[in-house]
Amino acid sequence: MSGTRIPQIHPSSEPLGGISRRSLLAGTAAAALTLPAGLIVPTRGLADAGGQVPGYYRFKLGDFGVTILSDGAYELPVGAFATNAKPDDVKAFLTANLQPTATRTAHVNLPVIDTGKDRVLIDVGGGPNWQPTAGKLTDNLAAAGIDPASITKVVITHGHPDHIWGLIDEFADAPRFPNAEHIITAREWDFWTTDEAAGKLPAEFQGFALGAKKHLPPLAEKIRRIKPGDEIVPGIVSIDTPGHTPGHIAVAVASGSETMIVTADAVTHAYISFANPGWWAGVDTDPAQGEASRRKLLDMMATDKALMLGYHLSFPGLGYAARDGSAY
């Protein structure tokens, strides 16, 4: 994979509020929605710890404004990130890096990109019924001064609960982002809104399929179905990264000379995903394909020194990837 390049940015002829247009060409009730047994671990202490400071972080990417919002966090067993590795090897690796060996805290970092014309939110978190220590997006939007009605585009990277269960305001029985066009790959939409997901997912993940069927179809009239590689708005383009789910995408954000790659769930662990990209995540529908997508993204970011936003890394999830032999 060495030398994989982030697709180049080409300015188009039309100005956009002083920002050059550019395109990036990319090679049931909630209680009934059961969660995978043994996958989600009760978050020790966090649920009873009281409130935290508001979770938002702002910076500039070229001419774009970026606000990263925390949807909270939840605990996952470490073994879920390395199902094809020997448990003793995983434990030794984590111990050597001073990391917990039983469970890890998975943060959920969701970006809002303000281009000057559009305000783009990538994924929406788990909503109030996912985990008691997650579902914080609405509160943190308010803390950051972002009105949900001001969001013009919602990008759905894939259909897992912690990425889509915040789509519907269940109290109002209405879309949480009422003025937004919602964007998802056609492959991902078909997987979750037909019987395909239920037919392919193991028993412990059937709650994922039920939840997707509850949250996605009500938004059908607001959905734009795209192909991986399609432009979302000028400067923001989808990247084909299947494996975690069949239609999973990452997102490239580019303004001026700066680029950020939003990895979604192609990269999920701050140590394992980099040093051992060949270790497979148990929740991936196609782990080998997921590994190939992870290596592709890491190579892109290392080659072009692009800023990375990792969804499940410690808030705010920003960093860089550098090569280290065959790993990163």
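Which residue's side chain meets that of Lys213 in a salt bridge? I looked this up first, in what is a predicted model. The partner is Asp195, with 2.8 Å from N to O. The pair links distant parts of the chain: Lys213 sits in helix H6, while Asp195 is in the loop between H4 and helix H5 (196-200), 18 residues apart. I noted Lys213 as partly exposed, at 38% relative accessible area, and Asp195 as exposed, at 58%.

**Entry: other salt bridges**

I found 10 salt bridges in the structure. Helix H6 (residues 206-215) also holds Lys214, whose side chain meets that of Glu170 at 3.5 Å, N to O. Glu170 belongs to the loop between strand S8 (168-169) and strand S9 (174-175), 44 residues away from Lys214. I have both down as partly exposed: Lys214 at 24% relative accessibility and Glu170 at 34%.

Then I turned to Arg323, which forms a salt bridge with Asp299; their closest N and O atoms are 3.0 Å apart. Arg323 lies in the segment after S17 and Asp299 in helix H8, so this pair ties together parts that are 24 residues apart in sequence. Is Asp299 buried or exposed? Asp299 is buried because its relative accessible area is 0%, under the 20% cut-off. Arg323, at 37%, counts as partly exposed.

I also marked a network of salt bridges that links Lys153, Glu181 and Arg224.

**Entry: the sheet**

Next I traced an open sheet of seven strands, in the order S3-S4-S5-S6-S7-S10-S11, and its pairing is mixed. Strand S3 (56-61) and strand S11 (223-226) are the edge strands, each pairing on one side only. From one strand to the next, the twist averages 25°.

How many of the 12 residues in strand S5 are buried? I get nine, so I wrote S5 (residues 103-114) down as mostly covered. S5 pairs with strand S4 (residues 64-77) in the antiparallel sense, over 11 bridges. Val66 stands opposite Ile113 of S5 there. S5 is also antiparallel to S6, over three bridges, and Val112 has Leu121 in S6 as its bridge partner. S5 and S6 make a hairpin with four residues between them, and in the turn I noted Gly116, with a positive phi of about 105°.

Further along the sheet, I looked at strand S10 (residues 181-185), which runs parallel to S11 and is joined to S11 by four bridges. Ile183 stands opposite Arg224 in S11; Arg224 is one of the residues in the salt-bridge network above. Helix H4 (residues 186-193) lies across S10 and S11, running at about 90° to S10.

Which peptide bond is cis? I noted the one from Phe315 to Pro316, with omega near 5°. Pro316 is in the loop between strand S16 (307-309) and strand S17 (318-319).

Asp123 has a phi of about 70° and sits in the loop between strand S6 (119-122) and helix H2 (137-143). Lys305 has a phi near 50° and lies in the loop between helix H8 (287-304) and S16.

Definitions and conventions: Residues are numbered from 1 along each chain as its sequence is written. This is a predicted model: local features need pLDDT of at least 70, side-chain atom pairs count only at pLDDT 80 or more; totals for chains, interfaces and linings use all residues. Side-chain values use heavy atoms; hydrogens and water are left out. Helices (H or I, at least four residues) and strands (E, at least two) are DSSP runs, numbered from the N terminus. Buried means under 20% relative accessible area, exposed over 50%, partly exposed in between (1.4 Å probe, protein chains only). Two strands pair if DSSP finds at least two bridges between them. Axes are lines fitted to C-alpha atoms, for helices over the stretch in contact, and angles run from 0 to 180 degrees between N-to-C directions. Contact means heavy atoms within 4.5 Å. A salt bridge is a side-chain nitrogen of Lys or Arg within 4 Å of a carboxyl oxygen of Asp or Glu.
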